[in-house]
Amino acid sequence: MFGQHRDELLSSFLRVAESGAFILQEDVTLFEEGLATFCGVNHAIGVGNATDGLELIFRALGIGPGDEVVLPSHTFVASAAALVHVGATPVFAEIGPDHLLDPGAITAVVTDRTRAVMPTQLNGRTADMDAIGAIAEEHGLIVLEDSAQGLGSRFNGRMAGTFAAAGVYSFYPAKTLGALGDAGAIVTDDSELNESLRRWRDHGRDGHGGGVNQWGRNSRLDNLQAAFLRVKLAHLGEDIARRREIGHRYIDGLRDVEGLVLPPRGDDGTHYDVFQNFEMEADDRDGLSDHLSQVGVGTIRQWGGQAVHEFEGLGAFPPMPRTEGVMRRSLLLPLNTSLSDDQVDYVIEAVRRFAHS
Ligand SMILES: *Cc1c(COP(=O)(O)O)cnc(C)c1O
């Protein structure tokens, strides 16, 4: 939130604006270094947004026409759109009870054209990357991560985005680390891929003197956004701690309410969740969201309440009963670092009153 770091953000703006350092300048480099350290990876590459980041990864790895990539349908349309834009085919697999790609559902949709599997690290939770890695190895698939919502979350101590050949983070303002506009980053441990991605994001140039080595895109992380992100990254640890506190407060306050299915706590030593969203299921989801809206609590149906394969304008896809069931039952309670405990308790009370009415 801007207000929480107003003075630091304003002085970053003045520093960058007055020095005229707008494109691929020091703030981008310093933010990339800070992010790589935070995630425990060798390379972070700032890009225009996470959607572009995914497309650049596919292009750098040569994923294109004739290739299929397995992903969940309970994801933002961007995960699939990035595949379509490089000419590859998105193939959807079902989700498990935690709303993430179900490793057990991957094999059923693998064909001899499958090149990669790409879990979405949704709601600030990391999928079971051991199981996904094992299946990928069995079928010779590349693992990629749409970790746009995953920054800070962990599985067996390792951060979302860092298990795969490459992962992306989004710094869209509503994300756990939000810029003041569009921004994203790719992370990888592979130095060749790092070099290639840096060319892809900047017109195929290698950054030294303007020579062009290949066709490329223009998708650079804006230096001004990088400066804002450096400010926010320094506070990310506190922000994540507060998100977890709020997520756990909801769970503790609602665990005995009938008709709800709450998200996991994500503190069992295997999963470490950061509650990018608090997505829960309710038997009477629509009744609950109407009631909450009447008492001044806004809730959200993620992606407008439809999984990607359900948007008719995108083509015809096979039905996915488990995913569709979750989409009909789930909603997001308010969760951001500017909420006070009293506001969280107000939401909890409002949900409880609806359940007991
Ligand atoms: C936000 C989001 C994206 C897109 O991120 P942008 O930076 O807005 O391009 C992709 N996938 C998921 C799961 C997201 O939540």
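**Exercise 1. Find which residues lie nearest the centre of the second largest pocket, then describe its lining.**

Solution. Start with the lining of this pocket, which consists of 14 residues. Arg198, Arg201, Asp206, Gly207 and His208 are the ones nearest the centre. Keep in mind that the model you're looking at is predicted.

Then ask which elements they come from. Two or more lining residues come from each of α2 (26–39) and α6 (191–201), and α6 contributes the most, with four residues. To finish, the volume of the second largest pocket is about 310 Å³.

**Exercise 2. Work out where the ligand sits and which residues surround it.**

Solution. First, the place: the ligand takes up the space of the largest pocket.

Second, the shell. There are 16 residues around the ligand, with Ala50, Thr51, Asp146, Ser170 and Lys175 the closest. Split by class, this shell holds seven nonpolar residues, seven polar ones and two charged ones. On the helix side, look at α3 (50–61) and α4 (77–85), as each gives the shell at least two residues.

**Exercise 3. List the side chains whose N or O atoms come within 3.5 Å of a ligand oxygen, and say how much of the ligand is buried.**

- Thr51: an N or O atom of the side chain is 2.5 Å from an oxygen atom of the ligand.
- Lys175: a polar atom of the side chain is 3.0 Å from a ligand oxygen.
- Asn49: here the distance from a side-chain N or O atom to a ligand oxygen is 3.4 Å.

Now for the burial. On its own, the ligand would expose 380 Å², and the protein buries 94% of that area.

**Exercise 4. Describe the largest pocket: its volume, its lining and the elements behind it.**

Solution. Begin with the volume, which is about 920 Å³. The lining runs to 47 residues, and Tyr172, Ala174, Lys175, Gln276 and Asn277 are the closest to the centre.

Then go to the elements. Two or more lining residues come from each of α3, α4, β8 (166–170), α8 (236–254) and β13 (330–333). Of these, α3 gives the most, with three residues.

Last, count the classes: 22 lining residues are nonpolar, 18 are polar and seven are charged.

Technical notes:
Residues are numbered from 1 along each chain as its sequence is written. This is a predicted model: local features need pLDDT of at least 70, side-chain atom pairs count only at pLDDT 80 or more; totals for chains, interfaces and linings use all residues. Side-chain values use heavy atoms; hydrogens and water are left out. A residue is near a molecule or strand if one of its heavy atoms lies within 4 Å of it. A polar contact is a pair of N or O atoms within 3.5 Å; within protein, one must be able to donate a hydrogen and the other to accept it, and residues adjacent in sequence count only if both atoms are side-chain atoms. Accessible areas come from the Shrake-Rupley method with a 1.4 Å probe; for residues, only the protein chains shown count as cover. On a 1 Å grid over the protein atoms alone, a cavity is a set of points where a 1.4 Å probe fits but cannot get out, and a pocket is an open set with protein on both sides within 12 Å along at least five of seven lines; lining residues have an atom within 4 Å of a point. A molecule sits in a cavity or pocket if more than half of its atoms lie within 2 Å of its grid points. Ala, Val, Leu, Ile, Met, Phe, Trp, Tyr, Cys and Pro count as nonpolar, Asp, Glu, Lys and Arg as charged, and the others, Gly among them, as polar. Grid points are joined across faces, edges and corners, and a volume is the space filled by probe spheres set on the points.
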